[in-house]
Amino acid sequence: MDHRQVGRLMNTEVVKARSGTSFREVVNLLGRHRKTGLPVVDADGKVLGVISETDLMFRQAAQDILQNRWYNRRRLTGSARAARARKRGLRAGELMTSPPVTIGPHQSVTEAARLMVTGKLDRLPVVDAEGRLCGLVTRTDLLKVFLRPDEEIREELVTEVLVRTLALRPGAIGVSVRAGVVTLSGRLTRSSEVPLALRLAGRIDGVVAVIDQLEYEHDDTAEQQGEQTVRDRAQEWLRRM
């Protein structure tokens, strides 16, 4: 299950800049390596911020405003003064977005995706416990989980979910995977096992959708389940995601 960790997907050869890297050199780095952004680090390799093409274009687009004498004479708030200083910046440390949003190598792909979506980010620096850069993960990297072979997905579903978590015997229900779409068919003992099996199957990396063709022998929705073993194993499996 290591593939769920950011460290297994990240790029370890990261193009980066120093705080004192010039505007022109940042542009050169981005163009030469065909990148749209890169982390900015200090002398110890700790991530200070991230600079992107958007940051560079923001500075250039603001030049006309900065030539306005009225704009430069008016009394500005602290945040406005910081924004003006950024627009005047000539080096990476002045132009970067800071503080950076980072993630650890042992955090999950799901956490990385959530950070990217929430922050509208295209990339995340991966840092160690001391905040030093150890890699970079992009949206493209995260999407690679959907390229997992169908047989690999099926093997994890049977071994981790059906046998180890739900305590079913191998072959108890039918499992097929085609182009990332999982189909579960057959008959389970209790009705409560059906939504649980579907939910856990949908959490496996590379699963695009889950088709429910399951039936059950006994409707236990109205019963108080005294035995929590299966549910506890399921919750533990979800916490590891």
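I began with a term I needed: two strands count as paired if DSSP finds at least two bridges between them. I also noted that I am looking at a predicted model.

**Entry 1: a hairpin**

With that term in hand, I looked up Val175 and found that its bridge partner in strand 7 is Leu184. Strand 6 (residues 174-178) and strand 7 (residues 181-190) run antiparallel, and five bridges join them. I saw two residues between the strands of this hairpin, and there Ala179 takes a positive phi near 55°.

Next I asked myself which residues of strand 6 lie on its covered face. I found Val175 and Val177 there, while Gly174, Ser176 and Arg178 make up the uncovered face. I remembered a handy rule: in a regular strand the side chains alternate between the two faces of the sheet.

**Entry 2**

Strand 7 and strand 8 run parallel and are joined by nine bridges. I picked out one place along them, where Ser185 stands opposite Gln213 in strand 8.

Then I looked for helices packing on this sheet.

**Entry 3: helix 1**

I moved on to helix 1 (residues 23-32), where the buried residues are Phe23, Val26, Leu29 and Leu30. Why do they line one face of the helix? Looking down the axis, I saw that these buried residues fall within an arc of 125°, so they share one face. On the face turned away from the buried side I found the exposed residues Arg24 and Gly31. Just after the helix, Arg34 takes a positive phi of about 55°.

**Entry 4: Ser52**

I checked Ser52, which lies in strand 3 (residues 47-52). Is Ser52 buried or exposed? Its relative accessible area is 14%, and buried means under 20%, so Ser52 is buried. Beyond its neighbours within four places in sequence, Ser52 contacts Thr36, Gly37 and Arg123.

Key:
Residues numbered from 1 in each chain as written. Predicted model: local features only at pLDDT ≥ 70, side-chain atom pairs only at ≥ 80, totals over all residues. Heavy atoms only, no water. Buried < 20%, exposed > 50% of the residue type's maximum accessible area, 1.4 Å probe, protein only. Helix = DSSP H or I, 4+ residues; strand = E, 2+ residues; numbered from the N terminus. Arc of directions from axis to C-beta. Contact = heavy atoms within 4.5 Å.
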